[in-house]
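My entries follow in the order I looked things up.

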Amino acid sequence: KLRTTFALFFVAFGFTACINNLDFVLPLQEGTWDVDRYQAVTEIAGDTITDITFDNAGTLVFEKDGTGIANLDVTGNMQDDQEITWSFDKEEATLTIDWQDGGDPWVFDVIEQDLSRVLVRRIEATTILGIENRNIREMELIKE
């Protein structure tokens with residue numbers, strides 16, 4: 001009975017270790033992910049100017065070969081069957097989505113993830129006339 005307990009512990013521990021391995025989730029769970037929540041925050045000089053949340057904002061399809069399709073319905077980022085390439089960097093804990101229409105790639109920090117949910121955030125900071133401006137974009141992806 002003790003051997004069974006130890007065996008179950010090591011199987012559970014090994015599975016948990018794989019879940020926390022950041023290059024494990026999307027390559028293993030390719031397919032359609034719902035953009036359950038997309039949040040757009042704009043800050044100027046540390047003050048929040050806008051904070052808009054879009055629920056059920058579209059889908060992202062991640063194929064194993066690094067290609068995919070984006071369908072997003074958020075103000076300022078409307079994408080309809082947009083072809084993408086994507087990569088997942090375990091060392092940097094980043095997800096990069098490169099738009100095939102020539103737009104700048106989105107590089108997201110992976111904040112949280114498990115087999116059915118990934119939370120990513122990107123921050124673009126600029127300084128204009130000595131005033132810091134930050135655009136923060138956060139997406140919560142749920143596996144279909």
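**Entry 1: R137**

I started with R137, which is found in strand β9. The model is predicted, so I kept its limits in mind: local features need pLDDT of at least 70, side-chain atom pairs count only at pLDDT 80 or more, and totals for chains, interfaces and linings use all residues. Residues are numbered from 1 along each chain as its sequence is written, and side-chain values use heavy atoms, with hydrogens and water left out.

Is R137 buried or exposed? I found R137 buried, yet without a salt bridge. Buried means under 20% relative accessible area, exposed over 50%, and partly exposed in between (1.4 Å probe, protein chains only). A salt bridge needs a side-chain nitrogen of Lys or Arg within 4 Å of a carboxyl oxygen of Asp or Glu. The nearest side chain of opposite charge is E124, 6.5 Å away.

I then looked for polar atoms. The backbone oxygen of V41 lies 3.1 Å from a polar atom of the R137 side chain. I also listed contacts (heavy atoms within 4.5 Å). Leaving out residues up to four places away in sequence, R137 touches Y38, Q39, A40, V41, T42, F108, V120, R121 and R122.

**Entry 2: the core**

Which residues touch the most other members of the largest nonpolar core? I noted V35, Y38, L60, L95, I97, M139 and L141, out of 24 residues. β1 gives the largest share, 4 residues. Such a core is a set of buried Ala, Val, Leu, Ile, Met, Phe, Trp, Tyr and Cys residues joined through side-chain atoms within 4.5 Å.

**Entry 3: hairpins**

I went through the strand pairs, where pairing takes at least two DSSP bridges.

- β1 (residues 31-44) and β2 (residues 47-55) run antiparallel, joined by 8 bridges. Q39 stands opposite T53. Their hairpin has 2 residues between the strands, and A45 in the turn has a positive phi of about 50°.
- β4 and β5 run antiparallel with 7 bridges. V74 stands opposite N77. G76 takes a positive phi near 85° in this hairpin.
- β5 and β6 are antiparallel over 6 bridges. D89 stands opposite T94. This hairpin has 4 residues between the strands, and A93 has a positive phi of about 55°.

**Entry 4: whole chain**

The protein chain has 2 helices and 9 strands. Of its 144 residues, 35% count as buried.

Technical notes
Lys and Arg count as positive and Asp and Glu as negative; His and the chain ends are not counted. A polar contact is a pair of N or O atoms within 3.5 Å; within protein, one must be able to donate a hydrogen and the other to accept it, and residues adjacent in sequence count only if both atoms are side-chain atoms.
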